[in-house]
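Take a look at the structure below.

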Amino acid sequence: MSPRLVPAQRDATGRRDRPLRVTVDGVPADGIAGQTLAGLMLASGRTSWRRAPSGAPRGLFCGIGVCFDCLVTVNGEPDVRACRRRAVDGDEVTTHSRAGHGDADGPGRTAREER
Amino acid sequence: MTVPAARRVAVVGAGPAGLSAAHAALAAGARVTLIDAAEEPGGQYHRTVPETYGPQRPVRLQHGWRAFERRRRRVLAHPRCTWLPRTSVWALEQPQPEHEGPPRLHLLCAGPADGAGRTRHTLDVDALVLAVGAHDRVLPFPGWQLPGVCTAGAAQALAKGERVAVGERVVVAGSGPFLLPVAASLLDVGSRVLEVLEANTAATTARGWGRRPWELAAQAGKAVELAGHAAVLARHRVPYRTGRAVVEARGDGRVEEVVTARLRADWSVLDGTRRTLAVDTVCVSHGFSPQLELPLAAGCALDERPAPRCGPAGDGGADDARKSGRSGSLGAFVRVDEQQRTSVPWVFAAGEITGIAGAPSARAEGAVAGWSAATGGSTPRDPGRRRALRALRRSRDQGRAFAERLARAHPIGAAWPGWLRPQTVVCRCEETDYGSLCAAFATEAGSASRVAKLNTRAGLGPCQGRICGPTVAELRRRFLGDAPERPAEGLPRADPHRRPIAQPVRLGELAAPSAPLTDPGRRPEEESSS
Ligand SMILES: Cc1cc2nc3c(=O)[nH]c(=O)nc-3n(C[C@H](O)[C@H](O)[C@H](O)COP(=O)(O)OP(=O)(O)OC[C@H]3O[C@@H](n4cnc5c(N)ncnc54)[C@H](O)[C@@H]3O)c2cc1C
Ligand code: FES
């Protein structure tokens, strides 16, 4: 639908794309090297990839690693901020849901409680 | 204070402030360790596409890029500089009482964001410069949690840093000059910007800037840049409306339309002015919140800045603010003196954590901080250097004046909670709504904010209150006045910014041993020459 990557031939930066492919919940998604997972998911047509405790969908909010709304699991590693993590070819992204999971919280939380 | 030949200085944050601090500290003879969580220096301002994009002309996107590039090269190539990219400072540890010096830094080095298996290190230095910047402040409104509603900074980061347009039909709304570069970047990546909405009325903004705002902006190095963005908006015929705001976002699973409304000076909604507009994206910023975790961990005192008044005349201040019905506080910033010293010995601060004034001012503050950290604030003996330092202080002071006017021209109106409904989400993580917060404040127990938190879970989610903290604190103030917080029994006094962990750490990483990074900034080959 709406978000997208500026086509390389029209991009004033004169970029030379190196394509890569990740999967999001098993579905292939294409992007280019250097994109964050959030940028890649947005540009490949996903606007949300996480559910809040009530089940409401969430996507990108702050874009710079502050709000933790964009958490995903990457190659089995939970609680990765998609807006901060660069996509790597072959990454397996699993979307998150806090709905019904009680306390499946972010990494900050986990560490804090452990201390 | 006697100053050893090569003081070891750590600079956290390589944005305009941090890079400039590193530059100045190196020039003053220090060994510098420059640390940033990002791959490249530049911070929020000097953002460009990553190397992997193979850009042939990244320069075009940036104001002041060439000067930045020069400084970046000089700093990173300097023999006394150690550059630690992709490194997060996740904690600061207070020194032992008998130990003179700044806190010890705890680092997570060289790894992908939030990846397991980054290495943990500690770093001890003689002086610490904190230049960690700010993030967008967004006030809640009904529907702000819908996908498709994001911060203006997010839109900017994706456009400048990744060439991704966050939406096709976009409204940019909130308050402050930052809305202009964001709209310009969105146009640059091909979004249709339907309108840019400044919540403050034209009268508030004009009064705030006072006489000759352009002169002030020019001194602060901002005029040309802002005029450029305004010209881009005009060329694309994007309307810039003052006294109007997005007061609601609606949609099924994502934003599909927004409701905008005319506002009075205090941000109350004027009846009969609501308009609905079909959009796929809304980018919002009502100002910036400084990232205070590290300064607080270091023990730095904050200044709670009273909101400037918006009446016809007067010098601002909390009293005026109350009389004119404005919100009570602009928020807290790190307190610094003329030398950018914080209240903690050997800890300096620069950039947006000391006040919101934009990149040129952050740069000037950084330079002063870098000099002070490297020299202990002594006056240079060389007359040329003395002149240079005076010039830096002058431009830092101009930046501060600009920040003051900026805050006065773009205050947050006191009546914004009028946009909220009982079901409106205030804490995004825990989905605590306005109704439950009010109920918590209304009970006696709710008067200790730590208790309100536990009752409602507001601020206890993954973001640990970074987003809702200032909002909840402000709503609390409205309900309970300025009565000092009564700490809950057995709990430390609550503080909206205090978090034990500044950056997420994985348990595995915590369990692994951490090695000290010794002798920062020293490379074997310069041992003899320095
Ligand atoms: C998303 C966003 C986009 C912006 N875009 C613009 C723009 O286009 N134009 C404009 O005029 N202004 C913009 N601003 C305003 C901007 O804050 C200032 O212009 C300027 O960048 C402030 O400089 P600074 O050096 O104080 O902080 P910043 O530039 O924010 O730099 C702070 C640096 O510290 C690092 N850091 C923070 N915490 C840690 C930690 N714990 N460990 C390691 N590193 C850390 C960050 O990674 C960052 O690089 C933007 C702000 C935001 C939030
Ligand atoms: S969008 Fe806020 S942390 Fe990623």
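In which sense do strand 1 of chain A and strand 10 of chain B pair? The model is predicted, and in it the two strands pair in the antiparallel sense. Strand 1 of chain A covers residues 4-5. The pairing runs over two bridges. Find Leu5(A) on your screen. Its bridge partner in strand 10 of chain B is Val164(B).

Now step back to the whole contact. Chain B brings 67 residues to it, and chain A brings 61 residues. Together the chains bury about 5400 Å². Carbon and sulfur atoms give 54% of that area.

Next, look for charges. Five salt bridges are counted between chain B and chain A. One involves Arg163(B) and Asp11(A), whose side chains meet with 3.0 Å from N to O.

Which parts of chain B touch chain A? Several elements each supply at least two residues. Among them are strand 8 (134-136), strand 9 (149-151) and strand 10 (164-165). Helix 3 (152-162) and helix 15 (507-511) also belong to this group. The largest share, five residues, comes from helix 3 of chain B.

Finally, sort this side of chain B by class. The side that touches chain A has 35 nonpolar residues. It also has 16 polar and 16 charged residues.

Note on methods:
Residues are numbered from 1 along each chain as its sequence is written. Chains are lettered from A and ligands numbered from 1 in the order in which they are written. This is a predicted model: local features need pLDDT of at least 70, side-chain atom pairs count only at pLDDT 80 or more; totals for chains, interfaces and linings use all residues. Side-chain values use heavy atoms; hydrogens and water are left out. Contact means heavy atoms within 4.5 Å. Buried area is the accessible area (1.4 Å probe) that two parts lose on being put together, summed over both. A salt bridge is a side-chain nitrogen of Lys or Arg within 4 Å of a carboxyl oxygen of Asp or Glu. Helices (H or I, at least four residues) and strands (E, at least two) are DSSP runs, numbered from the N terminus. Ala, Val, Leu, Ile, Met, Phe, Trp, Tyr, Cys and Pro count as nonpolar, Asp, Glu, Lys and Arg as charged, and the others, Gly among them, as polar. Two strands pair if DSSP finds at least two bridges between them.
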